[in-house]
Amino acid sequence: MEAPPPAITEAVPLVTPLNLILFSLAAYLIYMRFKPSPIPTIAAPEPIVYTTYTPRTLAKYNGTDDPRILLAMKGKVFDVSSKPMFYGPGASYNVFAGRDASRGLAKGALDPSLLTPLDQKLDTLEDLAADEKETLQGWFDQFVGKYLVVGELVNEGEEGAANEKQ
Amino acid sequence: MSSDISYVTYTLLAVVAGLIFVPVFLDGEPDGPPMALLQQSSVGPTRRKNESAIHRSRETPVGFPLRQGLGIQEGYSRRNGDVRDIWRVFVQKVGHLHTVLGNDKVVHSIDTLDGEIDTLGHYFSGLPTASQRKVIAVYLPNSVENLIAGFVCAFYDFTFVPIEYPAEPEVIAEKLRTSNAEILIMPAASLDINELNVSSLLKHVILVVEEGSRHLDFATDPDAKVSLKEWHDITANGQKATRPEKIDESQPHMIIFSKDLKLQKSVVVSYSHVNIVSAVSAQATAPAPKDQFKPTDVFTPASTLADQFTRILTYTAMLSGCTITINAVTPPSGSLQSSCGNALPSIIVVPADSLSAVGRSSKAAQVELFHEWMHIYQLRKLTRYGQVPQNSAFARFNDYDRPNLGKNLRLIYVAENPAEGTKPITCNMLNDIRAIFFSKVVYALTYPPAAAGAITQTTSFDYRPGEDTKTFKEAHLGAPLSCVEVKLRDAGEYTVEHEDGPMGEIIIAGPSVTSSGEYATGIIARWRDDGCLSMGSKA
């Protein structure tokens, strides 16, 4: 009887490309589980400072000199930058940008002659008819719902008093 | 190529597959949506020059009305309600009221208590007092009588003055004097009454006698200069009055004693019905829907009911129809374990200093390596997976010295009160406490002179770890409640344009605030990027 030839035991190949790939994948997964994760936060947008404007300081926010477009109505200043298609340069309501729009809106006219000149006192709007006042209030309520009130419009030289009041 | 695949390859394959699929089944859901923590308040789009933007709860964003009252449905309309409605809803929802006496539990009949409100109301209404509006001081430990006295005052339109128990006679006399109370409810034989009425207007005293001592007569004292009556005598033999339809909501309902930080002296603060119910309803909706008070909950005030925050939370629990379990023992005079161990509560209120003391002593008792590993695992569960660790036999194996408040505990309320100078609890300390009690913790900012209830409080599932350095430990107090709006105003070196974020003095307004309009608290704080209020400055 001849002894069977001893079985040839092949050495187990330990370092093969496949094993290396699997090992690095396992290491990566373990690392991902223990990796410290930074805690994110979503900061709120920087709030706009409520400012007191005079006709002169307001005038530059007409969309041409300054990208911000502001508009005043009944002593309040609204930020209408979000709607440049209405108030931007060349748009239909651009006459009101940077100006006190009260009289124009009350009369429903886009006539620049209705705007108070910059060097005059603020329009008191006392001579408006009842229905014009109503129209203006309608515009005002619509603006309050739609745009941010970012300040007040006062006569020149009264900024200090308005700031005190706050 | 085929010879390359050996058992090593198969093992590695199994490990990779396990690492991918096991977490899918075992990790579970976080307790709340993590995205909700990124920005926790509704921030106003504009601000005044020397002030920060207004911060509000996300429930009542800027531009919407603040939460006013309970919103009791009546036909097709809702009304704000007052403190009386809390009791009415409690009765309607069939809430339970228990008292824990040592190892025994007394279950009170709500119908009997409802009747007691009327007999006591009749008795108090008949007492002759100098002032038009009756002021009733209540010097009692946490008890059913203490709660009921509050509702008697609500239904019969008296002013309610809870006084912290126990206290020195001089302190009580001082509080009676400053609140002009003529009627006092107190435990029998706990004070020498003749010592009290020397400096105060005190005329009538109602004595609460415990059941075992009722055969003794406490009401006849020949030396007494005030009229004496026993509580159980009134409720057993007294006549029932009919509740007045209307109460005067402009008058103060509750008077509490606190310290004003700006004036640096003790002040008497009065809360109206509106203050209290707006604080209660804001508190009821503040936690995530999953964590809100439910009729199945057992609520235990482990803090004195003379503390307004504790009382408001108790009212919130009553409004939700919870079972209220009351124990006369409360921290700091008794231990937390003895205060609510036998009640098996699911929601508790604990004084801040007592809770942080328990947290510290329990942490120090974790001496074995096993405890340390367990704690690290639990903290990882909290901060990484957003889950409160579960109370299991494994977690409690070879347990260390920590209070065992039962398996049901799920929510701990704790309030920072700058008027009393409580020490702030940092984010990491709160996480330790969560791991120690296997419970969520809500950390609130209260300032009794300014507002009823809490001003801001943390979200119930906010377990984000604090990034502590050697000199700075991170702590925050969460976002405003839905009944207040909070902003900061420049104060000295603390300005809203500070590089570390808007800082300044806390200014609050809203229906729970004691003054109409704005209230300047004199407390310096900072807004974090996530809309939470922080009392520490960034170092």
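**View 1. The UniProt transmembrane region of chain A.** UniProt lists residues 12–31 of chain A as "transmembrane region" in an unreviewed entry; UniProt positions follow the numbering used here, feature names are shortened, and annotations may be inferred rather than shown by experiment. The model is predicted: local features need pLDDT of at least 70, side-chain atom pairs count only at pLDDT 80 or more, and totals for chains, interfaces and linings use all residues. Residues are numbered from 1 along each chain as its sequence is written, and chains are lettered from A and ligands numbered from 1 in the order in which they are written. Between the end C-alpha atoms of residues 12–31 of chain A the distance is 28 Å, and the span is 75% helix and 0% strand. Helices (H or I, at least four residues) and strands (E, at least two) are DSSP runs, numbered from the N terminus.

**View 2. The cytochrome b5 heme-binding span of chain A, as listed by UniProt.** Residues 53–154 of chain A carry the annotation "domain: Cytochrome b5 heme-binding" in an unreviewed UniProt entry. The end C-alpha atoms of this span lie 6 Å apart, and its content is 31% helix and 15% strand.

**View 3. The four-stranded sheet of chain A.** The sheet is open, with strand order 2-5-4-3 and mixed pairing; two strands pair if DSSP finds at least two bridges between them. Strand 2 (51–53) and strand 3 (70–73) of chain A each have a single partner strand, so one side of each is left without a neighbour in the sheet. From one strand to the next the twist averages 40°, with axes taken as lines fitted to C-alpha atoms (for helices over the stretch in contact) and angles running from 0 to 180 degrees between N-to-C directions. Strand 2 of chain A runs parallel to strand 5 (residues 148–153) of chain A, and three bridges join them. Opposite T52(A) stands E152(A) in strand 5 of chain A.

**View 4. The contact between chains A and B.** In this view, 26 residues of chain A are in contact with 25 residues of chain B, contact requiring C-beta atoms, placed from the backbone, within 7 Å. On the side of chain A that touches chain B, helix 1 (17–34), strand 1 (48–49) and strand 5 of chain A each supply at least two residues. Helix 1 of chain A gives the largest share, eight residues. By class, this side of chain A has 21 nonpolar, four polar and one charged (Ala, Val, Leu, Ile, Met, Phe, Trp, Tyr, Cys and Pro count as nonpolar, Asp, Glu, Lys and Arg as charged, and the others, Gly among them, as polar). Strand 1 of chain A also pairs in the parallel sense with strand 2 (residues 46–47) of chain B over two bridges. T46(B) in strand 2 of chain B is the bridge partner of I48(A).

**View 5. The two assigned domains of chain B.** Domain 1 of chain B covers 41–69 + 257–534 and domain 2 covers 111–248, with bounds from an automatic or database domain assignment. Their centres, taken over C-alpha atoms, are separated by 32 Å. Domain 1 of chain B contributes 11 residues to the contact and domain 2 of chain B contributes 13 residues.

Definitions and conventions:
Two residues are in contact if their C-beta atoms, placed from the backbone, lie within 7 Å.
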